[in-house]
Amino acid sequence: MSIEQQIAQMQPITLEEMSSVKLMNRTDTKFVTTLPMLQRLLEQAQADYYVQDIDGQRNMLYETTYFDTSDFQMYQEHQHGHCGRQKIRFRTYVSSNLQFMEVKTKNNRGRTKKKRMEVTDMNLNDDAKRAFLASHLRYEVDSLHPHMHNYFHRITLVNRGKTERLTIDTSLQFTNMVTGIHRDMGHLVIIELKRDGLVYSPVLHMLRQLHIHPHGFSKYCMGAAMTNEALPVNRFKQKLRDVDKILVSRLEG
């Protein structure tokens with residue numbers, strides 16, 4: 001059975017029904033695995049999770065463009081493990097043709113806060129965007145430039161208690177807007193558990209049973225590290241090796 005067939009069998013949940021699961025101030029835990037392992041996870045999750053359904057679509061295409069300073073200060077802060085680090089991105093929900101400018105801030109307690117505004121373009125010169133960024137981003141607006149673009153498909157699961165969301169990203173592709181280098185991540189799967197605090201999560205037991213362990217994966221930072229040899233990667237070396245092992249093992253298999 002394909003992944004599309006698996007999610008077609010799950011009970012749906014609408015955006016309106018998910019309104020209580022926004023989790024704009026949350027804890028995030030990421031996991032990295034492969035498509036065959038994802039199929040095993042979805043099989044186990046059938047009884048405990050709803051799947052987000054928007055107009056009959058359950059595996060949505062997303063486009064994201066990340067901005068940074070010319071000397072990659074946001075990347076560098078993440079690479080050095082600084083607390084209070086930030087990212088700015090423009091995310092487009094292709095199926096609904098909605099676009100948001102988002103600022104994500106991770107504090108020293110591991111919680112992620114996200115602020116966003118709906119936009120129609122990525123022009124940073126208009127007053128509304130500049131005012132929003134002045135309120136939520138500590139970098140000067142005029143220092144920001146587009147650096148990384150990615151595409152991926154996302155499945156969103158919600159537990160029956162509506163206390164968490166599980167996003168599952170597949171078909172991930174990176175394009176570096178500075179170097180022009182493109183990377184297709186093939187069968188790699190990025191899973192992210194988003195919950196308010198440390199509430200009980202049914203999927204954590206399933207992930208442990210499948211030997212899928214927590215593994216940080218910032219799409220911006222990992223994509224940048226994989227497509228720009230000029231950037232330092234000290235803190236990401238082991239994560240890059242782990243991802244390469246997953247990709248190579250699948251090719252060899």
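Biologist: What do the side chains of Glu102 and Arg116 do?
Modeller: They meet in a salt bridge, at 3.7 Å from N to O. Keep in mind that this is a predicted model.

Biologist: Which strands do Glu102 and Arg116 lie in?
Modeller: Glu102 is in strand S6 (residues 98-106) and Arg116 is in strand S7 (residues 111-119), so the pair ties together parts that are 14 residues apart in sequence.

Biologist: And is Glu102 buried or exposed?
Modeller: Glu102 is buried, because its relative accessibility is 0%. Arg116 is partly exposed, at 36% relative accessible area.

Biologist: Which residues are in a network with those two, Glu102 and Arg116?
Modeller: Arg89 and Lys114. Salt bridges link Arg89, Glu102, Lys114 and Arg116 in a network.

Biologist: OK, switching topic. How many salt bridges turn up in the whole structure?
Modeller: The search finds 11. One of them joins Asp169 and Lys219, with the closest N and O atoms 2.7 Å apart.

Biologist: Where do Asp169 and Lys219 lie?
Modeller: Asp169 lies in strand S9 (residues 164-176) and Lys219 in helix H6 (residues 219-227), so this pair ties together parts 50 residues apart in sequence. Asp169 and Lys219 are both buried.

Biologist: Last one: what does Asp126 form a salt bridge with?
Modeller: With Lys129; the closest N and O atoms there are 2.5 Å apart. Lys129 is buried, with a relative accessible area of 4%, whereas Asp126 is partly exposed at 28%.

Note on methods
Residues numbered from 1 in each chain as written. Predicted model: local features only at pLDDT ≥ 70, side-chain atom pairs only at ≥ 80, totals over all residues. Heavy atoms only, no water. Salt bridge = Lys/Arg side-chain N within 4 Å of Asp/Glu carboxyl O. Helix = DSSP H or I, 4+ residues; strand = E, 2+ residues; numbered from the N terminus. Buried < 20%, exposed > 50% of the residue type's maximum accessible area, 1.4 Å probe, protein only.
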